[in-house]
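User: I would like to learn how to read sheets, cores and ring contacts in a model. Please take me through one feature at a time.

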Amino acid sequence: MSDKDNKTKYVLANSIDNVIKILSVNHNAKIIAGGTDIIPNYKQKNIQPDLFVDISSVSGLHQIYCDSNEIRIGACVKISQIISHKEIQNNVKILSDAAKSIATPVIRKNATIAGNLLCENRCIFYNQSEWWRESIGKCLKCDGDICIATGGKKNCFSKSSSDLAPSLIVCDAEISIQNTLGTKRIPLKELYSGDGINPFNINQSDLITSIHIPITKRKYFYYKLRQRSSIDFSSLTIAVAYNTESHSIVTCIGSCDPQPVSWKFSLDNQINFQDIIKQKVKKIRLVNNDFYSRDYRKYVLIKKLEEIYIRIFHFEVQQN
């Protein structure tokens with residue numbers, strides 16, 4: 001796994017402690033498991049690590065556990081396993097739907113859940129070959145001095161590209177992270193920084209070990225816009241969860257902003273969906289860095305949110 005200009009070493013880790021130890025002393029190392037996102041970025045020289053740490057053989061990261069309170073998914077569980085797992089289908093179908101929307105069957109058999117959560121932010125001007133980037137001029141995300149999408153010189157607006165993050169965030173998912181100091185558990189949405197250049201709030205020696213999803217009574221809605229369903233990354237992802245007990249609606253938007261953007265509100269007869277949508281969408285940092293234009297993606301986002309919220313309202317009316 002090397003070329004003329006960049007010789008990257010490789011090590012196969014045998015335990016979680018071994019992974020953390022290796023990461024703590026190698027400051028330009030990258031974790032690899034399925035490799036479906038990191039290897040294309042490596043080949044395009046978007047990333048140039050000194051060391052790949054393979055965690056695909058580490059025990060304890062490949063299982064799905066379920067009880068009456070939550071579903072716990074190991075970091076190296078494959079996307080294909082999520083699709084076929086009965087407890088996930090029965091309790092958090094939105095996660096299964098999101099997993100089905102990812103790439104092709106071959107990729108889904110290799111890609112992992114944690115790998116998808118840590119997919120590098122994408123931009124049509126960044127995710128190109130090194131030769132292409134040098135010809136057009138390098139951007140802020142690859143050591144340039146300007147955002148090609150906006151012309152600005154301060155902020156990178158590369159978009160969060162995880163397919164699974166929006167669906168998990170509306171489920172109030174948490175992640176367990178282990179490092180040299182021990183283990184901590186945080187809400188998944190806190191993983192994302194909102195910085196297009198450094199999109200994750202994670203340290204070099206941190207290892208995501210599991211994802212935790214509480215089991216509650218919800219209705220789910222999932223939508224994904226992209227040009228070709230089996231090839232392209234998402235241009236817009238919408239995940240919505242309606243809690244049928246608390247009557248609250250949680251929404252998370254992906255592939256539009258440097259981080260997944262989420263909000264929550266309670267359903268009542270006086271609510272104005274158009275006002276909520278206008279207020280929330282205005283805060284999403286949508287720019288022209290995708291195959292589809294900013295205006296078109298914003299139009300689809302607003303229309304789909306209106307459609308989903310109205311469906312939830314009609315469901316609630318019928319129940320009462």
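User: In S5, which residue is the bridge partner of isoleucine 64?

Analyst: A note before that: this is a predicted model. As a general idea, strands of a sheet pair through backbone hydrogen bonds, in a parallel or an antiparallel sense. Here, isoleucine 64 has isoleucine 73 in S5 as its bridge partner. S4 and strand S5 (residues 70-74) are joined by three bridges and pair in the antiparallel sense.

User: In what order do the strands of that open sheet come?

Analyst: Its five strands follow the order S4-S5-S8-S6-S7, with antiparallel pairing. Strand S4 (64-66) and strand S7 (182-187) are at the edges; each has a single partner strand, so one side of each lacks a neighbour in the sheet. On average, neighbouring strands of this sheet are turned by 20° against each other, direction ignored.

User: Which strands form the open sheet with parallel pairing, and in what order?

Analyst: That open sheet has three strands in the order S1-S3-S2. Strand S1 (9-12) and strand S2 (29-32) are the edge strands, each pairing on one side only. From one strand to the next, the twist averages 25°. S2 and strand S3 (residues 51-54) run parallel and are joined by four bridges. Within this pair, isoleucine 31 stands opposite valine 53 in S3. Helix H1 (residues 16-25) packs on the sheet and touches S1, S2 and S3, its direction making about 170° with that of S3.

User: Now the cores. Which residues touch the most other members of the largest nonpolar core?

Analyst: The general idea is that in soluble globular proteins, nonpolar side chains tend to be buried together. In this model, the largest nonpolar core has 43 residues, of which Leu164, Leu168 and Ile213 touch the most other members. Helix H5 (residues 93-100) gives the most to this core, with four residues. Leaving aside residues up to four places away in sequence, the contacts of leucine 164 include Ile79, Leu95, Ile113 and Asn116. There is also a second, separate core of 26 residues, with Tyr242, Phe273, Tyr292 and Ile308 among them.

User: Is serine 101 buried or exposed?

Analyst: The value to read is the relative accessible area, and buried means under 20%. Serine 101 has 12%, so this residue is buried. Serine 101 lies in the loop between H5 and helix H6 (105-108). Residues up to four places away in sequence not counted, serine 101 touches Tyr222, Lys224, Arg226 and Ser229.

User: How many aromatic pairs does the structure hold?

Analyst: There are nine. To classify a pair, look at the angle between the ring planes: over 60 degrees counts as edge-to-face, and under 30 as stacked. The ring planes of tyrosine 42 and phenylalanine 52 stand at 75°, with centres 5.2 Å apart, so this pair is edge-to-face. Tyrosine 42 is in helix H2 (residues 38-43) and phenylalanine 52 in strand S3, 10 residues apart. Both tyrosine 42 and phenylalanine 52 are buried.

User: Why is the pair of tyrosine 292 and tyrosine 296 tilted?

Analyst: The planes of tyrosine 292 and tyrosine 296 are at 35° and their centres 5.3 Å apart, so the pair is tilted. Tyrosine 292 is buried at 18% relative accessible area, whereas tyrosine 296 is partly exposed at 37%.

User: Which residue has its charged end over the ring of phenylalanine 233?

Analyst: Arginine 122 does, 3.8 Å from the ring centre. Lysine 219 lies over the face of phenylalanine 315, at 4.6 Å from the ring centre.

How values were computed. Residues numbered from 1 in each chain as written. Predicted model: local features only at pLDDT ≥ 70, side-chain atom pairs only at ≥ 80, totals over all residues. Heavy atoms only, no water. Pairing = 2+ DSSP bridges. Helix = DSSP H or I, 4+ residues; strand = E, 2+ residues; numbered from the N terminus. Axes fitted to C-alpha atoms, helices over the stretch in contact; angles between N-to-C directions. Contact = heavy atoms within 4.5 Å. Core = buried A, V, L, I, M, F, W, Y, C linked by side-chain atoms within 4.5 Å. Buried < 20%, exposed > 50% of the residue type's maximum accessible area, 1.4 Å probe, protein only. Phe/Tyr/Trp six-rings, centres within 6.5 Å; stacked < 30°, edge-to-face > 60°. Lys NZ or Arg CZ within 6 Å of the ring centre and 35° of its normal.
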